[in-house]
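Please open the structure in a viewer and keep the selection panel at hand.

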Amino acid sequence: MSHNKLIIILGPTASGKSDLAIKLAQKFNGEIISADSRQIYKEMNIGTAKIIKKEMSGVPHYMIDIVKPNQKFTLAQFQKKTIKIIKDIQKRNKLPLLVGGTGLYIQSIVDNLKIPETKPDKKLRNKLEKLTNQELINKLKKLDSKALKIIDLKNKRRLIRALEICLLTKKPFSEQRKKNKSIFNTLQIGIKLNTKNLEQKIIKRIEKMIKNGLIKENKKLLKKYGDKPYSMSGIGYQEIISYLNNKINLDQAKELIKIHTRQYAKRQMTWFKRDKTIKWIKNYSEAEKLIQLFL
RNA sequence: GCCGGGGUAACUCAUCGGUAGAGUGCGAUUCUGAAAAAAUCGAGGUAGUGGGUUCGACUCCCACCCCCGGCA
């Protein structure tokens, strides 16, 4: 059966995506691709709630442990690699399941985003960082006045990226940000939990992380990479680092992890809410039915 | 009991004669090579209690209650 079907399993952090995905993969002869911007990093296992070998139950997993914590990783890299992997899985007549909580990463696959062909240029960014938003807007106006209408003019990061694209490609930013034709036939399944339920899962997960050695993992990473790498800013790392630096006590660190995780989950839901094609489910059997219909 | 510091938004604190602001949290939103990031908007306060001075008090005065530190 030659096909280009792709199943997406998404939802907020701690909602049980991995468990569901494993079961579905076993049922439908599937393989799993992670869409998680933090599980990309090697050696960051406990804090990112990365699945362990044993839990994979023999189901192949991809896009986990891709780069070292002190290396950069970006959306475009994710997109390129992931598309290749999905195609390969399909070629072998298996069902690809893209599973994760990083909305933009998922969208880059589902909508086949055409990402402007310019790598981040750190030097240029640092230079532009020193300017005010108004100065950046003035510059951008000269290079690409249309861009002013499509980006958030109060968001410096967006202004800088738009300028970076104009300057390095010599073409207007506003003409480079598009959606290509979809590659895959997708079914998006979202796990929906009520707030209370999710909150409890989050608390449980944090306790488990501490028990499983989150502090030790942080110490190891700190020793090896320091606290500068971007990867060390993730939830479960920045807070424990503050604790290890005696800025806060362990209870405060745990409380902060809880708050940050809850906020993150909410942001994820805000993102997913916009996509009306997502089918929201409450349990495994609903997911199974949807997939059966889809295939 | 005495001396000092304090009681202002859910929390930590600004304001100190013309009825209050910030950061954090909370709610909503945006999102194309940093996305566990970044940005925007919003809801929250009869200023410990009671009295007095004043045209006017969160701000000055008095009493009381509570918290923190020191002395006893």
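Predicted model: local features only at pLDDT ≥ 70, side-chain atom pairs only at ≥ 80, totals over all residues.

Residues are numbered from 1 along each chain as its sequence is written, and chains are lettered from A and ligands numbered from 1 in the order in which they are written.

**Domains**

Colour chain A by its domain assignment: domain 1 (5-113 + 181-193 + 269-294), domain 2 (122-176) and domain 3 (195-267). These bounds come from an automatic or database domain assignment. The centres of domain 1 and domain 2, taken over C-alpha atoms, are 32 Å apart.

**Strand S4**

Next, select residues 95-100, strand S4. Helices (H or I, at least four residues) and strands (E, at least two) are DSSP runs, numbered from the N terminus. Are the residues of S4 buried or exposed? A residue is buried if 20 or more other C-beta atoms lie within 10 Å of its own, exposed if 12 or fewer, and partly exposed in between, with C-beta atoms placed from the backbone. In S4, 6 of the 6 residues are buried, so the strand is largely enclosed by the rest of the structure. In a regular strand the side chains alternate between the two faces of the sheet. Leu95, Leu97 and Val99 are buried on one side of S4, and Pro96, Leu98 and Gly100 on the other.

Strand S1 (residues 5-10) runs parallel to S4 and is joined to it by 4 bridges, with Ile7 opposite Leu97. S2 is also parallel to S4, through 6 bridges, and Ala35 stands opposite Gly100.

**RNA strand B**

Select the residues near RNA strand B, meaning those whose C-beta atom, placed from the backbone, lies within 6 Å of it. There are 48, the closest being Ser37, Arg38, Thr48, Ala76 and Pro120. Helix H11 (250-273) is one of the elements that supply at least two residues, and H11 gives the largest share, 9 residues.

**Two loop residues**

Finally, select Ser57, in the loop between strand S2 (30-35) and strand S3 (61-62). Most residues other than glycine have a negative phi. Ser57, not a glycine, has a positive phi of about 50 degrees; with 11 C-beta neighbours inside 10 Å, Ser57 counts as exposed. Asn246, in the loop between helix H10 (238-244) and H11, has a positive phi near 60 degrees. Asn246 is exposed, with 7 other C-beta atoms within 10 Å.

Conventions
Pairing = 2+ DSSP bridges.
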